[in-house]
Amino acid sequence: MAAILLIFLLMLSFPSMNAGSPPSPGYWPSTKFRPMSFHYAFRSLWGFSHQSVDQNTLTIWLDRTSGSGFKSDRPFRSGYFGASIKVHPGYTAGVITAFYLSNSEVHPGFHDEVDIEFLGTTFGKPYTLQTNVYIRGSGDGEIIGREMKFHLWFDPTQDFHHYAIFWSPKEIIFLVDDVPIRRYQRKSDATFPLRPLWLYGSIWDASSWATEDGKYKADYNYQPFVAKFTSFKAGGCSAYSSPRCRPVSASPHRSGRLTMQQYKAMKWVQRYHLVYDYCKDPKRNHALTPECWN
């Protein structure tokens with residue numbers, strides 16, 4: 001009897017094990033944008049010998065000699081940015097696969113960045129999907145991250161899934177297969193990216209911090225580590241658009257405000273699959289992240 005009670009209590013403690021799939025968001029913003037050819041919208045940035053494109057699927061890889069990265073041709077001041085991504089299975093500790101917005105080349109040492117990052121893992125443990133926002137140099141020097149981390153409700157190594165960042169003048173929304181997983185509001189100009197950003201992707205060695213705070217490092221006995229990207233989508237106001245350019249929406253509302261159904265899906269993800277929230281970390285100095293208490 002005691003053993004049965006213990007199993008029941010463990011099931012209550014780990015609801016995500018039986019949570020299944022998220023509720024339908026009721027709206028699918030990815031369907032509002034056409035896929036783009038990689039060669040039409042992007043250019044290789046580094047690790048040229050560690051990239052290949054076949055039928056509009058980009059493959060990039062990391063081995064002991066190099067990783068690889070790419071960048072959009074145009075900067076944006078708002079928009080929807082998505083790609084279908086499949087990451088490497090097995091031992092990937094220390095390896096980062098990233099899809100993100102940044103202006104680090106234009107503002108070195110004082111840049112803005114909005115990240116979707118797959119943090120590599122060890123055998124038998126799930127990938128961690130990290131979302132993050134850096135503002136005006138908070139990712140340079142003394143790091144002030146705004147991380148929220150998730151264990152997904154599927155295995156991202158088995159198939160392609162669509163990951164996206166919606167960035168408007170009012171908020172940033174992170175989406176997985178059109179399900180909102182995080183909303184970051186503009187509560188002040190000081191805590192929100194307002195300068196033009198480019199879209200990037202990369203795979204690289206971040207052994208110093210990526211997996212359990214650097215406990216596990218990249219092991220090149222398992223190289224190459226491969227990531228695949230396809231169905232690239234980017235739409236919105238480029239930095240060259242007219243000032244009258246209207247930001248795109250992540251919902252049926254022209255204002256971009258999420259629907260109640262989208263909120264319900266997001267709350268489900270955060271209830272069952274959120275594993276870290278910087279605003280709830282007692283070790284963080286929240287005087288540096290005022291959006292947590294404003």
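In the predicted model, the side chains of Glu113 and His111 are joined by a polar contact of 2.8 Å. A polar contact is here a pair of N or O atoms within 3.5 Å; within protein, one atom must be able to donate a hydrogen and the other to accept it, and residues adjacent in sequence count only if both atoms are side-chain atoms. This is a predicted model, in which local features need pLDDT of at least 70 and side-chain atom pairs count only at pLDDT 80 or more, whereas totals for chains, interfaces and linings use all residues. Residues are numbered from 1 along each chain as its sequence is written, and side-chain values use heavy atoms, with hydrogens and water left out.

Glu113 belongs to strand E7, which covers residues 113-119. Strands (E, at least two residues) and helices (H or I, at least four) are DSSP runs, numbered from the N terminus. Glu113 counts as buried because its relative accessibility is 13%. The term buried means under 20% relative accessible area, exposed means over 50%, and partly exposed lies in between (1.4 Å probe, protein chains only). When residues up to four places away in sequence are not counted, Glu113 touches Tyr100, Leu101, Ser102, Asn132, Val133 and Tyr134; contact means heavy atoms within 4.5 Å.

Glu117 is also placed in strand E7. With a relative accessibility of 7%, Glu117 counts as buried. Apart from neighbours within four places in sequence, Glu117 is in contact with Ile96, Thr97, Ala98, Thr128, Leu129, Gln130 and Trp209. An unreviewed UniProt entry annotates Glu113 and Glu117 as "active site". UniProt positions are given in the numbering used here, feature names are shortened, and annotations may be inferred rather than shown by experiment.

Thr121 is situated in the loop between E7 and strand E8 (128-134). At 6% relative accessibility, Thr121 counts as buried. A polar atom of the Thr121 side chain lies 3.4 Å from the backbone oxygen of Pro126. Pro126 is also among the contacts of Thr121 outside four places in sequence, together with Gly90, Tyr91, Thr92, Ala93, Tyr127 and Thr211.

Empty space was examined next. Rolling a probe the size of a water molecule over the atoms shows where empty space is left. On a 1 Å grid over the protein atoms alone, a cavity is a set of points where a 1.4 Å probe fits but cannot get out, and a pocket is an open set with protein on both sides within 12 Å along at least five of seven lines; lining residues have an atom within 4 Å of a point. Grid points are joined across faces, edges and corners, and a volume is the space filled by probe spheres set on the points. In the whole structure, one cavity of 30 Å³ or more is found. The largest cavity has a volume of about 40 Å³, and its lining consists of His88, Thr92, Val95, Thr97, Gly120, Tyr127, Ile203 and Phe225.

The largest pocket holds about 560 Å³ of space. It is lined by 21 residues, of which Leu119, Lys149, Ala210, Glu212 and Asp213 are the closest to its centre. The largest share of this lining, four residues, is supplied by E8. E8 and E15 each contribute at least two residues to the lining. Glu212 lies in the loop between E13 and E14 and has a positive phi of about 50 degrees although it is not a glycine. Glu212 counts as partly exposed, at 39% relative accessibility.

Helix H3 comprises 13 residues (260-272), which at 1.5 Å a residue should span 18 Å; its end C-alpha atoms are 18 Å apart, in agreement. The expected span is 1.5 Å times one less than the number of residues. The buried residues of H3 are Gln262, Ala265, Met266, Trp268, Val269, Gln270 and Tyr272, and they pack against strand E9 (148-150), strand E12 (179-185) and strand E15 (274-277). Ala265 has a relative accessibility of 0% and therefore counts as buried. Beyond four places in sequence, Ala265 is in contact with Pro23, Pro25, Val179 and Pro180.

Two further backbone features were identified in loops. Gln223 and Pro224 are joined by a cis peptide bond, with omega about -5 degrees; Pro224 lies in the loop between strand E13 (198-205) and strand E14 (225-238). Asn56, a residue other than glycine, has a positive phi near 65 degrees and is found in the loop between strand E2 (51-54) and strand E3 (57-62).
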